[in-house]
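Student: Hi! I'm new to this one and would like a friendly walk through it. Could you put it up on the screen?

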Amino acid sequence: MSPASAQTPGARSYSFPKEEHLCRKKLIEELFGRGSSFGLYPLRLVWLRAPAPTSAPPQVLVSVSKRSFKRAVDRNYLKRLMREAYRLNKYRLTEAPGGHPVGTIAFIYTGKEKKPFALVEKKLISGLERLLADATPAPAAESVS
């Protein structure tokens, strides 16, 4: 029995496998064409609603502008920070009560200078919480007659 299969049923998976990476050009164009977005400096989140609420993790795209960071070393460092912050906190989406309505999501670093991991993680967490609040429809208000 491998260690991965020996996990208890309620254990969280902190992995970020290839299936969760958004790579298909058609899906990326659809995300940026029809998706909703909001900014939490130094991040911008673009997301597209899934057909039905799910507990499966969404496909994720991580991007850093070449215009802001000329050196590939700096871009790769920031992408690594964002992937790590997402990997450690994706449970906020996948363990949402009733599932989450997010199908695809893009994290775009819009800052002009490198920020520490703690700040990137804090902004990403607040972005995921805002995403859940924005994407989950509010219950219909009962009218009092």
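Predicted model: local features only at pLDDT ≥ 70, side-chain atom pairs only at ≥ 80, totals over all residues.

Student: Got it. How many bridges join strand 3 to strand 4, and which way do the two run?

Tutor: There are 6 bridges between strand 3 and strand 4 (residues 100-109), and the two run parallel. Strands here are DSSP runs of E with at least two residues, helices are runs of H or I with at least four, and both are numbered from the N terminus. Two strands pair if DSSP finds at least two bridges between them. Val64 has a bridge partner in strand 4 as well, namely Tyr109.

Student: What does the whole sheet look like, and in what order do the strands come?

Tutor: It is an open sheet of 4 strands in the order 1-2-4-3, with mixed pairing. Strand 1 (36-40) and strand 3 (59-64) are at the edges with a single partner strand each, so one side of each has no neighbour in the sheet. On average, neighbouring strands are turned by 25 degrees against each other, direction ignored. For angles in general, axes are lines fitted to C-alpha atoms, for helices over the stretch in contact, and the values run from 0 to 180 degrees between N-to-C directions.

Student: Which helix packs on the sheet?

Tutor: That is helix 2 (residues 72-89), which touches strand 2 (43-54), strand 3 and strand 4. Its direction makes about 150 degrees with that of strand 3. Contact means heavy atoms within 4.5 Å.

Student: And how do strand 1 and strand 2 pair?

Tutor: They pair in the antiparallel sense over 5 bridges, forming a hairpin with 2 residues between them. Leu40 has Leu43 as its bridge partner in strand 2. Leu43 in turn has Tyr109 as its bridge partner in strand 4. Strand 2 and strand 4 run antiparallel and are joined by 8 bridges, and Arg49 stands opposite Val102 in strand 4.

Student: Is strand 4 mostly covered or mostly open?

Tutor: Mostly covered, since 9 of its 10 residues are buried. Buried means under 20% relative accessible area, exposed means over 50%, and partly exposed is in between (1.4 Å probe, protein chains only).

Student: New topic: how many aromatic pairs are there?

Tutor: The count comes to 3 aromatic pairs. Rings of Phe, Tyr and Trp (its six-membered ring) pair if their centres lie within 6.5 Å; planes under 30 degrees apart count as stacked, over 60 as edge-to-face and the rest as tilted. Phe16 and Tyr86 have ring centres 5.5 Å apart and planes at 70 degrees, so this pair is edge-to-face. The pair links distant parts of the chain, as Phe16 lies in the segment before helix 1 (25-34) and Tyr86 in helix 2, 70 residues apart. Ring pairs also bring Phe107 into a cluster with Phe16 and Tyr86.

Student: Are Phe16 and Tyr86 buried or exposed?

Tutor: Phe16 is buried, with a relative accessible area of 16%. Tyr86 is buried too, at 1%.

Student: What about the largest nonpolar core: which residues touch the most other members?

Tutor: Of its 27 residues, those are Met82, Ile105, Phe107 and Tyr109. A nonpolar core is a set of buried Ala, Val, Leu, Ile, Met, Phe, Trp, Tyr and Cys residues joined through side-chain atoms within 4.5 Å. The elements giving two or more residues to this core are strand 1, strand 2, strand 3, helix 2, strand 4 and helix 4 (117-135). Helix 4 gives the largest share, 6 residues.

Student: Last one: where is Phe32, and what is it in contact with?

Tutor: Phe32 is found in helix 1. Leaving aside neighbours within four places in sequence, Phe32 is in contact with Val46, Leu61, Ala106 and Ile108. Phe32 is partly exposed, with a relative accessible area of 39%.

Methods: Residues numbered from 1 in each chain as written. Heavy atoms only, no water.
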